[in-house]
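Student: I have a structure here that I have never looked at before. Could you walk me through it?

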Amino acid sequence: MSADSVTPDLLAILHPDPVVAEQQYRRLLSDLTRAMEWRGCHDPEGVAAEAVYRGLKKAAAGVDLSQAGLRGFVFGIAKLVAKEGWKRDTRAQQLAPETWEQMASRRRDHEAAEAQLTLASIQRVLPEQEWQMLLRYSTETDHEDLCRELGVEPGYLRVKIHRLRKQLRPLAAGALPRARSRATGLPKESA
Amino acid sequence: MDDEVVANFLLGTLDQERSERLFDRLGTDADFFERVAACEDDLILRWHHSQLSAAEREQFERAYATPARQHRIRAALAIVQAGEAWRSSQTMPAAAHPATERRIGSWRWWRAPIAMPRLAIATGTAFLVLAVAVTFWPWAQPPGSDTAGPNRSLTFATTLTAIGDKGPGEEPGRTRNYDRVVLPVQTDVVQLRVKLDAPVGQPLTAEVLSVDAGQAHSLPVEVHPAELLTTAVVTMSASDLPNGDYVLTLARADGNRSTVISRHAFRVSRAGR
């Protein structure tokens, strides 16, 4: 069975309510995918999906999770899965230097219309104070003034901004795992 | 673990032992995970603003050369571009700024012979407008308006109707659905209403679970009996409902246990401008 075979019974390991279980599954998958990116895994999405599936299967079989919890257990499995993956294909997909140059020029020559659309979307999703805070943080090179105005520490503001970005999932969340299809009524996250 | 260690981890330059310990902590400490993710957002911004040293930039461009991390950079830059578009719309040349021109010319205007009568007329008009506003403002507000004055809080009430196929007492085969709750920006208090088609009996309790954050609020429930349907009302602060997905669970206490009588999924967002 592959990672695509996460059944409702396995999801129930996360929470008895299938709606909550689906959301927690997606969050675990998303976090683990991002952690595998940080680890330098060449297929973070695939490794994360496989690790979560194996972890849920083992949890359903009654493995002891008291030490690390399910999340820690799955993260541990992901390390092993990543090693297996690396054995199969160790070629890394790297950007060539000229492509980095294109990325740099894209920073300078951004599409004005696209930026306006993104701005309008952000302003629709977030309250005014929050989107202004987010956009100021994103465009200012020194955040001391903003911290002083808000009366918060830089570390707190950084996490606050991160949480605002999470609310802009289609715009800001970056690489998200392919969502499993479940009749929960909650829309799938974009890949 | 300080920010420099986290940055080295993200850039792939941290030693193996500490990298493994940090990775393991990501799995057991969700708050720490969030902190590392926030550090990554900052790292991308610093790269974009050319604030990394030459060595750091080289390490960044090596570590972030994979398609998945490229996607994350593009998503981050989309917000930066939106911010720059917003700033461009806010900035006006100082010479063309109407307020600046008024300040420059105001001293000369004050010296003009006709200044005093103009000032008197302007002051009198302003006083008249203010008097009218103060006099009529309370009666200008229609009853039940959601406009909040300075000393009033804005309450937003909504009835949750979407129910799923897996909740207790539901018809089999019904597709699970969710309610969209769009809050006006100035909302202070949110009332979640649920119609119950059976007598309640014992007092009810409510739990509102944030699916995204994993936080749960336990709240009392007001029950308003009616001839056909009883309404359960859960009241909570709007600040406890940031945008995201939630599940409201209503339960009835049966001795030492509680019996869930209904669950409702809903998604909170704020009204656009």
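Tutor: Let us begin with a term: a nonpolar core is a set of buried Ala, Val, Leu, Ile, Met, Phe, Trp, Tyr and Cys residues joined through side-chain atoms within 4.5 Å. Please keep in mind throughout that this is a predicted model.

Student: OK, so how many residues has the largest nonpolar core, and which have the most contacts inside it?

Tutor: The largest nonpolar core has 52 residues, and those with the most contacts inside it are Leu32(A) and Trp38(A) from chain A, together with Leu10(B), Leu26(B) and Phe60(B) from chain B. As a general background, nonpolar side chains tend to be buried together in soluble globular proteins.

Student: Where does the antiparallel part come in?

Tutor: Strand 3 and strand 7 of chain B pair in the antiparallel sense over eight bridges, and in that pairing Lys195(B) stands opposite Thr231(B) of strand 7. Strand 6 and strand 7 of chain B are also paired in the antiparallel sense, over three bridges, with Val233(B) in strand 7 as the bridge partner of Glu222(B).

Student: Why is strand 7 of chain B called largely enclosed?

Tutor: Strand 7 of chain B, residues 230-237, is largely enclosed by the rest of the structure because six of its eight residues are buried.

Student: Stepping back, how many helices and strands are there in chain B?

Tutor: Chain B has seven helices and nine strands. Of its 273 residues, 39% count as buried, and among its contacts with a separation of 6 or more, 58% are between residues 24 or more positions apart.

Student: New topic: Arg158(A). Is that residue buried or exposed?

Tutor: Arg158(A), whose place is in helix 9 (residues 154-167) of chain A, counts as buried because its relative accessibility is 15%, and buried means under 20%.

Student: So what does Arg158(A) contact?

Tutor: Leaving aside neighbours within four places in sequence, Arg158(A) is in contact with Tyr137(A) in chain A, and with Asp3(B), Ala38(B), Cys39(B) and Asp42(B) in chain B. The side chains of Arg158(A) and Asp3(B) are joined by a polar contact of 3.2 Å.

Student: Last one: what about the phi of Ser50(B)?

Tutor: Ser50(B) has a phi near 60°, which is a positive value in a residue other than glycine. Ser50(B) is placed in the loop between helix 3 (30-48) and helix 4 (54-63) of chain B, and at 57% relative accessibility Ser50(B) counts as exposed.

How values were computed. Residues numbered from 1 in each chain as written. Chains lettered and ligands numbered in written order. Predicted model: local features only at pLDDT ≥ 70, side-chain atom pairs only at ≥ 80, totals over all residues. Heavy atoms only, no water. Buried < 20%, exposed > 50% of the residue type's maximum accessible area, 1.4 Å probe, protein only. Helix = DSSP H or I, 4+ residues; strand = E, 2+ residues; numbered from the N terminus. Polar contact = N/O pair within 3.5 Å; in protein donor to acceptor, adjacent residues only side chain to side chain. Contact = heavy atoms within 4.5 Å. Pairing = 2+ DSSP bridges.
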